[in-house]
Amino acid sequence: MPKPGYKSITIPDYLYDQFRVHIGSDNVKNEVGSYSLSRFVSHMLEGRMMKDKAIAHNSLMLRKIGIDGDRVILRDRKSNRVVEVVIKDHTLYCESCESEECLHCGFCYALPEVYTAMKITG
């Protein structure tokens, strides 16, 4: 029975074992300190919900068309044009805004598949 104000979740044993290995790695220890599974899941869930909310809000304006090698192609409905965001040295650069810190780059950073593309091209 969970504590009052909390809910229980069930995960497979193999996933719990992967969590224990992940949380025990030196990189994670140095970055986050000590995490219980409950705290880790709560943190990840909260972060994912924030990303989903940001994407839903901005998807009225921006939509991913696709990823082609080192480029993320977006449709910007506000400016009514196609925008290319380039992956360079593990960062994103918007060719339209000529910036690394614009809305287009921020939108791309919220897309999990962009990180996969960053690993492949970097």
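**Notebook: aromatic rings and their surroundings**

I began with Lys3, which lies over the face of Tyr6, at 5.2 Å from the ring centre. I counted a charge as sitting over a ring if NZ of Lys or CZ of Arg is within 6 Å of the ring centre and within 35 degrees of the ring normal. I then looked up Lys88, whose charged end sits over the ring of Tyr93, 4.8 Å from its centre.

I note that this is a predicted model, in which local features need pLDDT of at least 70 and side-chain atom pairs count only at pLDDT 80 or more, while totals for chains, interfaces and linings use all residues. Residues are numbered from 1 along each chain as its sequence is written, and side-chain values use heavy atoms, with hydrogens and water left out.

**Overall fold**

I find five helices and four strands in the protein; I took these as DSSP runs, helices being H or I of at least four residues and strands E of at least two, numbered from the N terminus. Along the sequence the pattern reads α-α-α-β-β-β-β-α-α.

**Ring pairs**

I paired rings of Phe, Tyr and Trp (its six-membered ring) if their centres lie within 6.5 Å, with planes under 30 degrees apart counted as stacked, over 60 as edge-to-face and the rest as tilted. In one of them, Tyr16 and Phe19 are tilted, at 6.2 Å centre to centre with 40° between the planes. Both residues lie in helix α1 (residues 13-24), three residues apart, about one turn of the helix.

I also recorded the tilted pair of Tyr109 and Tyr115, at 6.3 Å centre to centre and 45° between the planes. I looked up which residues the ring pairs link into a cluster, and found Tyr16, Phe19 and Phe40.

**Burial**

I called a residue buried under 20% relative accessible area, exposed over 50% and partly exposed in between (1.4 Å probe, protein chains only). Phe19 is buried, because its relative accessible area is 7%.

**Totals**

Of the 122 residues of the protein, I find that 23% count as buried. Taking contact as heavy atoms within 4.5 Å, I note that residues 24 or more positions apart account for 30% of the contacts in the protein with a separation of 6 or more.
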